[in-house]
Each structure stands twice: as C-alpha cells, then as structure tokens.
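Reader: I've just opened this one and I'm new to it. Could you walk me through it with a few questions and answers?

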Amino acid sequence: MRKLNDFLAEKATLVFGTMWMFYAFFIYGLLPLIPILARYQSQIFYWSGWVQLWALPLLMVGQNVLGRAGEKRDQETHDAVMQELAFVKEELALARNEREELKMLLAHLHVKIPDVIRQCDL
C-alpha cells in the first residue's frame, strides 16, 4: 500500500508542478470574471477550496517521496565517490613508495658514478 501511495503522490506532484497545470488553474481562477459564469462564483470558489484541501497534503507527501529519492541518489553518489577516493589514496600511497625507492636508487647511483667514470678513464 505504501508503494502505491508513494507512486500516486509522486506522480501527482510531478503533474501539479507543470506549467500546464498552472495555466489550467490560472484560467479556472479567471472564470468568475466572465459575466455568464459570475452567478456560479460560489460554486467555483467551493471547488477551488476543495482542490486546495486535498492538493496541499498530496503535494507535501509527494515532495517527501521525491526528497527521499533524491537523498538515496545523493547517498549512492557519495558512496561511489568515497570508493573512488579510497582507490586514489591507495594509488597515491603506491606512487609515493615508488618515488622514495627511485630517490634511493638515484642516490645510490650518484655514489657509484664517480667509480664508473674512473674505471672508464683507465
């Protein structure tokens, strides 16, 4: 039942959040200004209030459902980024170790170069 409620609330929120729904309600709000429909003003206002009574909680639930979906996506993105960061940290540690090994080899090579040069001169 919860999945059905969440589905309906999400879809209703997405429909209510369109410009077409804005245009529909805008035109509906102008209906009492039409002289022929002026006598139905109280009915139009009644239905307007009725729509507001059920639409407000529906939209709030829909926003909560959409918010949960966004939070889930954000958490998944965060987890993926943290996993990549751990991989990058491992690679950085390996690169640092290799750089230190290269420094030691270069230092050892610099010590040996004078001996090699002397042997070549002989």
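Reader: Let me start with P32. Is P32 buried or exposed?
Author: Before we dig in, keep in mind that this is a predicted model. P32 is found in the loop between helix 2 and helix 3. Its relative accessible area is 13%. Buried means under 20%, so P32 counts as buried.

Reader: Which residues is P32 in contact with, leaving aside its neighbours within four places in sequence?
Author: Think of P32 as a spot in the loop between helix 2 and helix 3. Another residue to look at is Q43, 11 residues away in sequence, with 9.8 Å between the two C-alpha atoms. Once the neighbours within four places are set aside, the contacts of P32 are A38, Q41, I44 and F45.

Reader: Over to T13, then. Is T13 buried or exposed?
Author: You'll find T13 in helix 1, which covers residues 2-16. The relative accessibility of T13 is 6%. With the limit for buried at under 20%, T13 is buried.

Reader: And which residues does T13 contact, leaving aside its neighbours within four places in sequence?
Author: T13 sits in helix 1, and at 6% relative accessibility it counts as buried. Skip the neighbours within four places in sequence, and the residues in contact with T13 are L58, L59, G62, Q63 and L66.

Reader: Now for charges. How many salt bridges does a search of the whole structure find?
Author: Side chains of opposite charge can pair when their charged atoms come close. One of the pairs here is D6 with R2, and another is E100 with K103. Searching the whole structure gives a total of three.

Reader: How far apart are N and O in the salt bridge of D6 and R2?
Author: D6 and R2 are four residues apart in helix 1, so about one helical turn separates them. D6 is buried, at 18% relative accessible area, while R2 is exposed, at 56%. Their side chains meet in a salt bridge, and the N to O distance is 3.6 Å.

Reader: R68 pairs with D6 too. How far apart are the closest N and O atoms there?
Author: R68 is partly exposed, with 35% relative accessibility, whereas D6 is buried at 18%. In the salt bridge between R68 and D6, the gap between the closest N and O atoms is 2.9 Å.

Reader: How many residues apart in sequence are the parts that R68 and D6 tie together?
Author: R68 and D6 form a salt bridge. R68 lies in helix 3 and D6 in helix 1, so the pair ties together parts whose separation in sequence is 62 residues.

Reader: Which residues are linked in a network of salt bridges?
Author: D6 makes a salt bridge with R2, and R68 makes one with D6. D6 also touches V65 and R68, not counting residues up to four places away in sequence. The network links R2, D6 and R68.

Reader: What about E100 and K103: how far apart are N and O in their salt bridge?
Author: Both residues lie in helix 3, three residues apart, which is about one turn of the helix. E100 is partly exposed at 38% relative accessibility, and K103 is partly exposed at 47%. The N to O distance in their salt bridge is 3.7 Å.

Reader: What separates the C-alpha atoms of K103 and A55?
Author: K103 lies in helix 3. Along the chain, K103 and A55 are 48 residues apart. Between their C-alpha atoms, the separation is 70 Å.

Conventions
Residues numbered from 1 in each chain as written. Predicted model: local features only at pLDDT ≥ 70, side-chain atom pairs only at ≥ 80, totals over all residues. Heavy atoms only, no water. Helix = DSSP H or I, 4+ residues; strand = E, 2+ residues; numbered from the N terminus. Buried < 20%, exposed > 50% of the residue type's maximum accessible area, 1.4 Å probe, protein only. Contact = heavy atoms within 4.5 Å. Salt bridge = Lys/Arg side-chain N within 4 Å of Asp/Glu carboxyl O.
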